[in-house]
Amino acid sequence: IGEFTARDIKKQYEKIDMLLVGYSSASPYPQCIVMDKERKMKSKQNVIKQFWSQTESYVNLLKPKVYMPFAGRYVLAGKFSVLNSDRSVAELEDAYHYFTNSKNIDQDKHKAIILNSETNFDIDTGISSKKYTPILSNEKEKYISENLSKRKYDYELDTEPQIEELIELIPKAFERFENKRKEIGFSSETSIILDLSQEKFLIISTNGDGYRISDTINLQNSTKFVKISLDTRLFKWLMKGPKYAHWNNAEIGSHLTYQRNPEIYERGLYYSLNFFHV
């Protein structure tokens, strides 16, 4: 869809002075996926390279005089701060260095720029109001370690729900999930497994076979599943609805841990799960 849109834009605007182009995205992959460290680091680099390649493609398609790689820059705080190093998000400075040295972009025709907050760039003169000041990685890591890592999420201030409170919310939440699954025409043999406690698990089918609560699970004998682990306090908020918490936000914020077999992403499954609330 993005490529088609970009081609339409190019038809309408043959000459593009400046292009703001994404170089990264917010994602739980691979930091929230259960896999060994070596594979996780390899997956991280693959995702970064994939997005950088996509950026190069947009620059070469739209042919701007100047382009600025950008993305929402954020870090994980609290108990999830330990996941920052595993996220598939490159620092802006690293992306800039890559693009200004890329052999896939004509450096004489397309100039990359980056800006600090509250600075500007004059398209006519090609001059920035201030020279870019890079973030110091050691200071950033120190701030995360000494300050952000100690923060609590709002749901952590709540009391642990009784399992009966969670079970009471399931029927209505499943009804909404099932209605959305049918609406978009999604069906799969993959089961969704959610922890209700250390002893009980909610198993949701994605092909119309309903749901069940089980005292045990045997993942080794399960051929297709995605197991999602999360704080039960957050789980309660998610099932109570978007007024309290939203599945997609929880995913992007790295609050959900996934164990998948096979390791594939079924978009319809996660889209339908967004509606698993009362």
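This report describes aromatic ring pairs and charge-over-ring contacts in a predicted model.

## Aromatic pairs

Across the whole structure, a search finds 15 aromatic pairs. Two of them are described below, each by the distance of the ring centres and the angle of the planes.

## Y67 and F99

The ring centres of Y67 and F99 lie 6.3 Å apart, and the planes meet at 80 degrees, so the pair is edge-to-face; the cut-off for that class is over 60 degrees. Y67 belongs to strand β2 (residues 66-70) and F99 to helix α3 (residues 92-100), so the contact ties together parts that are 32 residues apart in sequence.

Y67 has a relative accessible area of 0% and is buried. F99 is also buried, with a relative accessible area of 0%.

## W247 and F276

For W247 and F276, the ring centres are 6.4 Å apart and the planes stand at 65 degrees, so this pair too is edge-to-face. The pair links distant parts of the chain, 29 residues apart: W247 is in helix α7 (residues 247-252), while F276 is in the segment after α8 (267-273).

W247 is buried at a relative accessible area of 2%, and F276 is buried at 0% relative accessibility. Both residues are members of a cluster in which ring pairs link F174, F177, Y211, F235, W247 and F276.

## Charges over rings

The charged end of K180 sits over the ring of F275, at 4.5 Å from the ring centre. R260 places its charged end over the ring of Y258, 5.8 Å from the centre of that ring.

Terms used
Residues numbered from 1 in each chain as written. Predicted model: local features only at pLDDT ≥ 70, side-chain atom pairs only at ≥ 80, totals over all residues. Heavy atoms only, no water. Phe/Tyr/Trp six-rings, centres within 6.5 Å; stacked < 30°, edge-to-face > 60°. Helix = DSSP H or I, 4+ residues; strand = E, 2+ residues; numbered from the N terminus. Buried < 20%, exposed > 50% of the residue type's maximum accessible area, 1.4 Å probe, protein only. Lys NZ or Arg CZ within 6 Å of the ring centre and 35° of its normal.
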